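Here is a short note to read beside the model. The points can be checked one by one against the structure.

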Number of protein chains: 2
Amino acid sequence: MLEANKILKKINLRPTTQRTAIIEYILQKHKVHITATKLITHLKKKKFNISLATIYNNLNELADKGILRKLHVNNDKMWFDSNLQDHYHFYDSEKDELIDIDKNEISFSKIPKIPRGKIKDSINIIISLKSKN
Amino acid sequence: MLEANKILKKINLRPTTQRTAIIEYILQKHKVHITATKLITHLKKKKFNISLATIYNNLNELADKGILRKLHVNNDKMWFDSNLQDHYHFYDSEKDELIDIDKNEISFSKIPKIPRGKIKDSINIIISLKSKN
DNA sequence: TGGATTATTAGAATGATTCTAAACTACAAA
DNA sequence: TTTGTAGTTTAGAATCATTCTAATAATCCA
């Protein structure tokens, strides 16, 4: 059984050709940052036909199941990240690309006091990059 | 001359009633986080009529002139921040509200190496909050 | 194999933002 | 003050990412 389909079985989703293709893509590289548009472009280039709605449905479903994480980078579009470890990101706006920053590449010597009655839900750190000069 | 209009004069924008109203609102509190929709709702409640396009035009213009800073919080909408100091944010998703985190409330003992050929453009830190239990 | 459940899809709907082009306003020169 | 022009505002159309809808198709399991 395909690795992709093992994953689908584990999270209780039917192994359709569309889902398999999406997960194959995610597995292909170690860590993937993807948007719906980038993914459909990639798949169509490989002659794999799929609708945008299906891309969205599945990326969201995989995020719900904990296989991907949603990332807000800017207001353009939703990013999905296959790296589930705690980590942060560089954003290269020229290439429209994310680069992981490992959790242990940033450490804090002082962290802010959380407002009363609240707890931390998530920490988002994005360091936007531009070219030298 | 109104404080708002002094600001407009300084940045070379004509003091229209719309602009004055927007800047008055920003000045009214020490630090303001707004979105276009929140601002138009506020102004209409005060019986001040203005179009959404004008709100957007002006918030963007003020951001260009360095009077406001644009903030990407999530993919919902653009935020504008009148606090020009280096700082970070809590995001209270229940109230859809931002809370400043002063620059000196966070300190880093380790910061990541910037990828070669690039320099840091901006650092965005958002700590999303949820209610205790 | 058949029927129920789950998926996919095209296209419509939504919501934030920007664009367009027409009507309006501030301003400075006469 | 008038007046021409450059700058502004505006309603509504356009755009773009995303979600919704409801019809069709695929998967599953008794």
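Predicted model: local features only at pLDDT ≥ 70, side-chain atom pairs only at ≥ 80, totals over all residues.

**Notes on the chains, domains and strands**

1. Phe108(A) has Phe108(B) as its bridge partner in strand E6(B). Strands of a sheet pair through backbone hydrogen bonds, and the pairing may be parallel or antiparallel.

2. How many residues of chain A are in contact with chain B? There are 40 on chain A, and they are in contact with 40 residues of chain B. The size of an interface is often stated as the accessible area lost when the parts come together. Between chain A and chain B, the buried area is about 3,600 Å², and carbon and sulfur atoms give 55% of that area.

3. The polar side of this interface can also be counted. Chain A and chain B have 6 salt bridges between them. In a salt bridge between the side chains of Lys130(A) and Asp121(B), the N to O distance is 3.8 Å. The count of residue pairs in polar contact between chain A and chain B is 26, with both residues at pLDDT 80 or more.

4. Which elements of chain A give two or more residues to the side that touches chain B? They are strand E4 (87-92), strand E5 (97-102), strand E6 (107-110) and strand E7 (118-131) of chain A. E7(A) gives the most to that side, with 14 residues. By class, the side of chain A that touches chain B has 17 nonpolar residues, 11 polar residues and 12 charged residues.

5. Within chain A, the domain assignment gives domain 1 (3-80) and domain 2 (84-129). Taken over C-alpha atoms, the centres of these two domains of chain A are separated by 23 Å. In chain A, 13 residues of domain 1 are in contact with 13 residues of domain 2.

6. The area buried between domain 1 and domain 2 of chain A is about 1,100 Å², with 52% given by carbon and sulfur atoms. Which three residues supply more than any other three of the area that domain 1 of chain A buries against domain 2 of chain A? They are His33(A), Arg69(A) and Val73(A), which supply 45% of it.

7. Between domain 1 and domain 2 of chain A the count is 2 salt bridges. The side chains of Lys77(A) and Asp96(A) meet in a salt bridge, at 3.4 Å from N to O. On the side of domain 1 of chain A that touches domain 2 of chain A, the largest share, 3 residues, comes from strand E2 (residues 69-72) of chain A. That side of domain 1 of chain A divides into 5 nonpolar, 4 polar and 4 charged residues.

8. Chain A also has an open sheet of 3 strands in the order E1-E3-E2, with antiparallel pairing. Its edge strands are E1 (33-34) and E2 of chain A, each of which pairs on one side only. E1(A) and strand E3 (residues 78-81) of chain A run antiparallel and are joined by 2 bridges. Ile34(A) has Phe80(A) as its bridge partner in E3(A).

Key
Residues numbered from 1 in each chain as written. Chains lettered and ligands numbered in written order. Heavy atoms only, no water. Domains from an automatic or database assignment. Contact = heavy atoms within 4.5 Å. Buried area = accessible area lost by both parts, 1.4 Å probe. Salt bridge = Lys/Arg side-chain N within 4 Å of Asp/Glu carboxyl O. Helix = DSSP H or I, 4+ residues; strand = E, 2+ residues; numbered from the N terminus. Nonpolar A, V, L, I, M, F, W, Y, C, P; charged D, E, K, R; others polar. Polar contact = N/O pair within 3.5 Å; in protein donor to acceptor, adjacent residues only side chain to side chain. Pairing = 2+ DSSP bridges.
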